[in-house]
Amino acid sequence: NNNNNNNNNNKNNNKMGLMTTTTATTNSVRSSSNSCSKAAGGLLLRGARRGHRDNATRVSSPPRPRATPKNQNLVKVAHVLQEAKATSASTSASFTELDKLRLSTVNRYAQERKNSIIAVGLTVHTAPVEVREKLAVAESEWNECVSDLTAYPHVDEACILSTCNRMELYCNALSWHRGVKEVEDWLSKRSGVPVEELRPYLFLLRDRDAIRHLLRVSGGLDSLVMGEGQILAQVKNVHRLGTEYEAELKQGGFGRHLNTLFKQAIQAGKRVRSETDIASGAVSVSSAAAELAQLKLPSNSFDDCRVCIVGAGKMSKLLVKHLSSKGCNKMTVVNRSMPRCLELQEEFPDVEFTFELSPNLMQSVAESDVIFAASSSDSILITKEDVAAMPACPEATVGGTRRFFDISVPRNIDPAISNLDNARAFNVDDLKEVVDANKAQRAAAAAEAETLIVEELNGYEAWRDSLETVPTIKKLRSKAEDIRRTELEKAMNKVGEGLSKKERRGLGGLSKGVVKKL
């Protein structure tokens with residue numbers, strides 16, 4: 001009996017120890033499950049509780065006739081632990097993948113194209129001449145300004161289109177927002193106007209809109225005088241300046257993006273003028289100035305009117321052409337040098353010219369009734385005080401008023417002249433009065449031109465998109481080359497030394513040909 005009691009006590013002690021071990025293990029399962037997610041934790045707790053309940057039932061039930069292995073419950077608990085670890089790992093992994101997916105989705109929509117084409121500037125449509133002239137860039141300053149722009153960390157390429165009606169910057173920026181900020185900073189420094197005051201006059205376009213804007217500009221669709229041909233020549237000049245700049249410095253300031261963009265713009269400008277009627281009888285800024293002068297004269301005629309032109313460049317040449325067509329065959333031209341004046345004489349032999357050098361400017365103006373300013377000077381040449389000291393004009397022919405037409409940017413004629421009783425000053429912004437009718441006449445041709453612009457736009461964007469595949473193509477070529485060399489070496493080793501050098505070269509050429517075809 002004592003032996004039986006001792007055996008029973010040992011069994012009960014073993015069972016109590018097992019129960020304690022099971023409870024402790026279950027508690028560890030509970031502790032580990034708390035670090036998992038709620039769903040996985042609930043699953044583990046239910047499994048642990050079920051195991052605990054089964055173990056407790058076995059411990060409290062009377063001994064069965066058949067002996068139960070001592071490690072059976074330990075095996076069951078170990079199984080629960082393994083299941084808990086597996087569930088925890090899979091749940092953690094699934095949450096990690098979910099987070100990755102969520103983050104990748106956010107990044108996918110937050111990402112921007114690596115490079116952005118940016119167009120920033122102001123035109124006759126957005127800013128008065130008082131603002132435009134502060135940002136005008138002469139051809140002699142072009143390289144310096146582009147170098148300053150590309151010195152910014154996020155401006156990779158840059159170029160400037162500066163005319164009497166617009167001043168526009170085109171950039172290939174590594175970052176859209178930072179690039180715009182740096183361009184605005186440069187514009188503010190260049191003009192001396194704070195960004196906050198300058199911003200209301202600026203336009204800002206990106207990628208497709210910026211590309212389309214340049215194509216429309218080149219086609220003459222955004223000009224003050226719709227269809228004018230001079231803007232295409234100015235776009236060509238920007239491409240020439242950029243090409244020369246890149247050839248000289250080789251810094252990438254006028255790289256493949258802007259180079260190709262301006263080539264596309266030149267092609268678009270040519271197509272618009274050759275495939276539509278927008279350029280038929282087209283007027284220019286110079287012809288609009290001549291027409292405005294004719295409208296402002298009391299007799300609407302240049303008969304007995306003394307005309308003076310300041311400057312002898314391209315704009316002056318066009319002025320002479322259109323003034324001559326309106327019956328003005330006698331005029332004075334004032335310029336810094338005589339060679340260009342002689343070129344005018346050769347090109348227009350029917351016009352009676354009087355040529356004067358710049359020191360005689362005031363005398364020539366005092367002896368004229370209508371004065372056109374079309375020089376490349378960046379300062380005021382004729383002030384209000386100068387005109388106030390001049391004798392009045394004849395009352396019979398021009399109504400006693402001396403009229404100035406300034407188509408230069410920066411302006412060469414003081415706008416305060418209009419405050420005098422016997423003088424009036426007009427600038428390029430006043431030409432809108434003449435060109436509004438021109439736009440209405442060319443509406444149909446402009447609609448046809450817009451279709452061509454879209455075609456050229458799609459062509460440039462297709463080329464630009466193709467650049468994104470270049471890294472992939474390079475990797476494919478590199479991978480194919482590695483495979484070719486490996487397989488060629490295997491084939492050479494199998495053949496042995498029996499091949500001649502010519503045969504080896506032939507096999508090498510064959511393998512390269514296959515790769516190139518693929």
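Of the 60 residues that form the largest nonpolar core of this predicted model, Ile-160, Met-167, Trp-186 and Leu-187 touch the most other members. A nonpolar core is here a set of buried Ala, Val, Leu, Ile, Met, Phe, Trp, Tyr and Cys residues joined through side-chain atoms within 4.5 Å, and buried denotes under 20% relative accessible area, as against over 50% for exposed and values in between for partly exposed (1.4 Å probe, protein chains only). Helix α10 (residues 256–275) makes the greatest contribution to this core, with 7 residues; helices (H or I, at least four residues) and strands (E, at least two) are DSSP runs numbered from the N terminus. With neighbours within four places in sequence set aside, Trp-186 is in contact (heavy atoms within 4.5 Å) with Val-137, Cys-145, Asp-148, Leu-149, Tyr-152, Ile-160, Met-167 and Leu-169. A second, separate core comprises 44 residues, including Val-124, Met-331, Phe-372 and Phe-426. In soluble globular proteins, nonpolar side chains tend to be buried together.

Residues are numbered from 1 along each chain as its sequence is written. Because the model is predicted, local features need pLDDT of at least 70 and side-chain atom pairs count only at pLDDT 80 or more, whereas totals for chains, interfaces and linings use all residues; side-chain values use heavy atoms, with hydrogens and water left out.

Helix α10 also packs against α8 (residues 208–218). The axes of α8 and α10 are 8 Å apart, at an angle of about 45°, where axes are lines fitted to C-alpha atoms, for helices over the stretch in contact, and angles run from 0 to 180 degrees between N-to-C directions. This makes α8 oblique to α10, since angles under 35 degrees count as roughly parallel, over 145 as roughly antiparallel, 65 to 115 as roughly perpendicular and the rest as oblique.

An open sheet of 6 strands has the order β7-β6-β5-β8-β9-β10, with parallel pairing; two strands pair if DSSP finds at least two bridges between them. β7 (352–357) and β10 (423–427) stand at the edges with a single partner strand each, so one side of each lacks a neighbour in the sheet. Neighbouring strands are turned by 20° against each other on average, direction ignored. Strands β5 (residues 307–310) and β8 (residues 370–373) are joined by 4 bridges, and Val-310 has Ala-373 as its bridge partner in β8. Helix α12 (residues 314–325) packs on the sheet, touching β5, β6 (330–335), β7 and β8, and its direction makes about 160° with that of β5.

Thr-401 lies in the loop between α16 (395–398) and β9 (402–406). At 15% relative accessibility, Thr-401 counts as buried.

The axes of α19 (residues 470–495) and α20 (residues 501–517) come within 10 Å and cross at roughly 150°; the two helices are therefore roughly antiparallel. α19 passes α20 in a right-handed crossing.

Terms used
Left-handed = near helix turned anticlockwise from the far one by under 90°.
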